[in-house]
Each structure stands twice: as C-alpha cells, then as structure tokens.
Amino acid sequence: MSLPGVEVRVADLDDVTHDAPLGEPGELMVRSPIVMLGCHSDPQATAETIEPDGWLHTGDIASTTDTGHFFIVDRRKDMIITGVTTSTRPRSSSGSSPRIPRSPWLR
C-alpha cells in the first residue's frame, strides 16, 4: 500500500511496460503527481528516468508478494546519491560497509 495518489509497481527487468511476476525481481517504479517532471535542462536524462506514461525508474530492484508487500533486494546501478555533493557505493561482497555521510539537515 502506498500513499494516496501514488502508484507503485515492480516492472519486468527486460520490458518495463510489463509487470514482473509475483515473487520475481523487477525494477520498482512509481507514478504520481508528486514525482518530478524531469531533469532540469536534460531531456536525455529525463527520457532515461521517466517513461512517456509517467512511470519513474527508481533504480531499486524489488519483488512483490501476493499480499502486496514490496521487498527491495538490490540496486540496478552501483551508485547511490546521498546528497547534493556526496555519493556512495553499496556494500561490497568483502563485507566492508561504506560510510554514508550524515545529512547536514538532520540534527
């Protein structure tokens, strides 16, 4: 269950116009009036991020249960944007965990 007015789905990894089967991994996508309209002055990035019908690629790999719960299991890309000027990579298989900088807006 998502917020009112927010649609969430798990799309097939090979064809995002179709939903992934229940329990199978796919890309988590969202569509809503609160989703950005596009990337400022970058139509190519907008086309790569938002489908023509308004579905936003989150970059998260997730699966759905028959009860409607979503489980995020992976990332499509190896980079996570954590702030305006900082980024980090997900934990590697070596077991070392990256340090995610604390947001300056959190107290």
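Arginine 76 is partly exposed, at 43% relative accessible area. Here, buried means under 20% relative accessible area, exposed means over 50%, and partly exposed lies in between (1.4 Å probe, protein chains only). This is a predicted model, in which local features need pLDDT of at least 70, side-chain atom pairs count only at pLDDT 80 or more, and totals for chains, interfaces and linings use all residues. Residues are numbered from 1 along each chain as its sequence is written, and side-chain values use heavy atoms, with hydrogens and water left out.

Which residue forms a salt bridge with arginine 76? The partner is glutamate 27, with the closest N and O atoms 3.2 Å apart. A salt bridge is a side-chain nitrogen of Lys or Arg within 4 Å of a carboxyl oxygen of Asp or Glu. Glutamate 27 lies in strand S2 and arginine 76 in the loop between S4 and strand S5 (80–81), so the pair ties together parts that are 49 residues apart in sequence. Glutamate 27 is buried, at 3% relative accessible area. Strands (E, at least two residues) and helices (H or I, at least four) are DSSP runs, numbered from the N terminus.

The structure holds four salt bridges. One of them joins glutamate 7 and arginine 31 (3.0 Å, N to O). Glutamate 7 is in strand S1 and arginine 31 in strand S2, 24 residues apart. Another joins arginine 75 and aspartate 60, with the closest N and O atoms 2.8 Å apart. Arginine 75 lies in strand S4 and aspartate 60 in strand S3, so this pair ties together parts that are 15 residues apart in sequence. Aspartate 60 is buried, at 16%, whereas arginine 75 is partly exposed, at 25%.

Now look at the sheet. Four strands form an open sheet in the order S1-S2-S3-S4, with antiparallel pairing. Two strands pair if DSSP finds at least two bridges between them. The edge strands, S1 (7–11) and S4 (70–75), each pair on one side only. S2 (residues 26–31) and S3 pair over four bridges. Glycine 26 has alanine 62 in S3 as its bridge partner.

A pocket is an open set of points on a 1 Å grid, with protein on both sides within 12 Å along at least five of seven lines; lining residues have an atom within 4 Å of a point. Thirteen residues line the largest pocket, and Glu48, Thr49, His57, Gly59 and Lys77 lie nearest its centre. S3 gives the most to this lining, with four residues.

Note on methods. On a 1 Å grid over the protein atoms alone, a cavity is a set of points where a 1.4 Å probe fits but cannot get out, and a pocket is an open set with protein on both sides within 12 Å along at least five of seven lines; lining residues have an atom within 4 Å of a point.
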